[in-house]
Number of protein chains: 2
Amino acid sequence: MAEYRQGRQSFVLPQPPVITAWASTAGKKESEGPHAHTFDITSQDTMFGQRTWEQAEKQMQRLTLGKLAEKANMRMTDFKLVFSGDLLNQCIGSSFSLRNTGIPHLGLYGACSTMAESLLLASMAVGGGFLDHAVAMTSSHFASSERQYRFPLGYGGQRTPTSQWTVTGSGAALVCRDGSGPRITGCTIGTVTDLGVRDANNMGSAMAPAAYATITAHLRDFGKSPVDYDLIVTGDLGQMGKEMLLELAKRDGLSLGGRLEDCGALIFDRENQDVHAGGSGCGCSAVMLCGYLLDRLNTGKLKSILFCGTGALLSPTSTQQGLPIPGVCHAVIVEGGRN
Amino acid sequence: MAEYRQGRQSFVLPQPPVITAWASTAGKKESEGPHAHTFDITSQDTMFGQRTWEQAEKQMQRLTLGKLAEKANMRMTDFKLVFSGDLLNQCIGSSFSLRNTGIPHLGLYGACSTMAESLLLASMAVGGGFLDHAVAMTSSHFASSERQYRFPLGYGGQRTPTSQWTVTGSGAALVCRDGSGPRITGCTIGTVTDLGVRDANNMGSAMAPAAYATITAHLRDFGKSPVDYDLIVTGDLGQMGKEMLLELAKRDGLSLGGRLEDCGALIFDRENQDVHAGGSGCGCSAVMLCGYLLDRLNTGKLKSILFCGTGALLSPTSTQQGLPIPGVCHAVIVEGGRN
């Protein structure tokens with residue numbers, strides 16, 4: 001039986017679900033970055049053979065799910081449950097990718113925290129004994145995000161130094177009751193945290209307070225210190241947000257012990273790829289988890305990480321109405337496989 | 001331990017979570033309908049004292065959560081987890097309602113199926129032993145929906161006979177490990193189903209195939225017949241969608257035995273309230289469940305129902321791009337309390 005830390009935000013998984021397979025698809029720019037070799041599928045066609053950016057995003061999810069099935073030696077239609085969501089209005093990347101596949105689907109909205117949220121819920125579903133496996137998946141696409149949140153690409157709007165580059169990519173993980181691979185041993189559910197940041201071109205800073213709130217809640221709930229993990233890895237704070245998070249910790253006298261990394265700061269070569277503060281989007285932490293991080297956990301190069309998906313819960317409407325940007329962060333402990 | 005029906009879409013809850021409290025908030029038009037007396041809070045001000053429709057929706061969720069806490073004899077900050085989502089882009093009704101409350105939050109997107117989806121996930125979280133209670137909540141608002149999905153209200157667009165009226169309302173249910181009240185004994189997770197309906201002004205018909213797929217999967221997985229329930233109640237098919245669902249069943253020779261009802265067909269007086277095919281929106285099934293239905297289950301007037309949340313997974317973008325409207329439906333068995 002799972003155990004909930006009373007009055008707190010975390011739960012442990014006494015029978016840790018196992019991530020037995022993972023897969024990722026990434027776009028052109030991502031395939032020119034330092035982690036290109038860790039992605040399963042890359043494409044030089046940012047339309048992925050589709051007629052619209054939105055359908056390209058759907059297609060990335062389809063490709064990722066197909067690759068996941070292949071790596072797990074299953075058929076795609078064998079999947080019993082997919083937890084997924086994306087950044088598109090009404091999450092049409094996720095719903096169209098699963099359309100008429102016959103795969104049961106529970107849709108999520110956690111903005112860029114969706115990889116962690118879906119992993120957390122898949123762990124709950126499997127760890128609670130409801131089914132023997134579940135898929136956690138998400139995606140984002142640079143072009144669909146720019147149009148929806150900012151400007152159409154053809155407008156050629158100038159990007160501020162604090163802005164981040166939405167990753168074109170999709171990642172999926174298969175969470176199983178049995179099997180071998182990295183294990184999920186505990187999770188911390190985030191709260192909607194907002195310190196009043198209103199700059200929609202500085203989302204890393206808007207999300208940093210949520211990341212800090214969840215990381216400190218996690219350490220408190222589990223009685224742990226940052227050095228108990230090889231890596232505390234946030235989703236897409238980027239360089240600005242990462243610095244803000246370190247500053248928040250410093251103010252409280254909390255040392256993150258050199259353990260902090262951020263998928264958004266890692267995924268691109270910021271010197272040469274013109275991405276300003278780094279990568280962002282649901283796909284950012286998804287492809288870094290379902291490639292680089294899980295690969296290293298699986299081969300023992302990393303023993304344990306705290307994977308902290310970070311999401312900015314704004315909409316263009318809330319920004320136009322002058323409201324601040326609430327953030328959320330969900331954290332999942334992933335420990336190295338036993339092989 | 002929960003039991004998942006192997007290879008199928010359903011799970012049973014051997015230790016059924018209990019809905020110990022429920023609360024609802026509804027708008028002006030809803031408070032003039034036949035179920036006005038079952039709502040906890042009604043307002044003649046459709047802005048709910050806020051400056052924007054979106055903030056009005058946030059406020060409805062806040063009021064509902066406050067009323068739920070009051071009815072459960074708790075403080076709002078005692079809630080350990082809220083599963084919620086809404087129809088607004090990036091679900092800002094839900095994230096802003098929980099902003100800086102310190103309540104852990106997992107965001108969902110299931111379109112108008114969100115009340116059933118949140119109830120299903122709260123049952124999983126509680127039934128799996130992860131925590132002793134969780135809240136399931138959602139909302140919708142006529143004016144924010146019209147502007148986002150169709151036209152600004154000031155435009156005065158004419159409504160087609162098949163169109164439905166988005167309910168202004170919010171509902172929340174407290175799902176507990178212990179206590180007295182209606183119990184959740186099993187759930188069926190929906191698949192994304194699409195028979196090619198493309199008319200965004202006839203969403204009931206677009207969702208009917210998903211409802212039919214989930215209801216038949218449910219009956220198959222549990223070996224049940226429609227007459228095993230007092231009521232099979234869909235979310236917001238409205239009159240057109242309800243007729244389409246009956247037609248789909250008739251074609252297969254399945255009699256729903258007079259058990260079918262629809263929250264969208266029930267909530268308004270269609271003769272006198274000029275709502276065309278009926279009510280719709282996340283709030284529609286939410287206020288009908290967290291009022292009329294749970295009240296009747298609690299007093300024994302209903303013994304058991306199959307609550308089927310129905311969602312149309314379209315976006316204005318997918319419609320403008322000429323795509324059909326996928327639907328989803330999640331079903332939750334709710335049985336009457338033992339008092």
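1. Within chain A, 57 residues of domain 1 are in contact with 58 residues of domain 2, two residues being in contact if their C-beta atoms, placed from the backbone, lie within 7 Å. The domain assignment places domain 1 of chain A at 3–176 and domain 2 of chain A at 183–335; such bounds come from an automatic or database domain assignment. Taken over C-alpha atoms, the centres of domain 1 and domain 2 of chain A are separated by 17 Å. This is a predicted model, in which local features need pLDDT of at least 70 and side-chain atom pairs count only at pLDDT 80 or more, while totals for chains, interfaces and linings use all residues. Residues are numbered from 1 along each chain as its sequence is written, and chains are lettered from A and ligands numbered from 1 in the order in which they are written.

2. On the side of domain 1 of chain A that touches domain 2 of chain A, the elements that each supply at least two residues include β2 (10–12), β3 (18–26), β7 (133–140) and α4 (142–149). Helices (H or I, at least four residues) and strands (E, at least two) are DSSP runs, numbered from the N terminus. α3(A) gives the most to this side of domain 1, with seven residues. By class, this side of domain 1 has 26 nonpolar, 23 polar and eight charged residues. Here Ala, Val, Leu, Ile, Met, Phe, Trp, Tyr, Cys and Pro count as nonpolar, Asp, Glu, Lys and Arg as charged, and the others, Gly among them, as polar.

3. Between the chains, 52 residues of chain A are in contact with 52 residues of chain B. On the side of chain A that touches chain B, α2 (92–97), β6 (105–107), α3 (114–127) and α9 (316–320) each supply at least two residues. The most comes from α3(A), with five residues. This side of chain A has 27 nonpolar, 21 polar and four charged residues.

4. The same surface serves both copies, for 100% of the contact residues of chain A recur in chain B.

5. The largest nonpolar core has 218 residues, of which Val135(A), Val175(A), Val135(B) and Val175(B) touch the most other members. Such a core is a set of buried Ala, Val, Leu, Ile, Met, Phe, Trp, Tyr and Cys residues joined through C-beta atoms within 7 Å. A residue is buried if 20 or more other C-beta atoms lie within 10 Å of its own, exposed if 12 or fewer, and partly exposed in between, with C-beta atoms placed from the backbone. Leaving aside neighbours within four places in sequence, the contacts of Val135(A) include Leu68(A), Phe79(A), Ala122(A) and Leu174(A).

6. Strand β15 (residues 327–335) of chain A has eight of its nine residues buried. Strand β14 (residues 304–312) of chain A runs antiparallel to β15(A), joined by nine bridges, and strand β10 (residues 183–188) of chain A is also antiparallel to β15(A), with five bridges; strands pair if DSSP finds at least two bridges between them. Val334(A) is the bridge partner of Ile184(A), and Gly327(A) that of Ala312(A).
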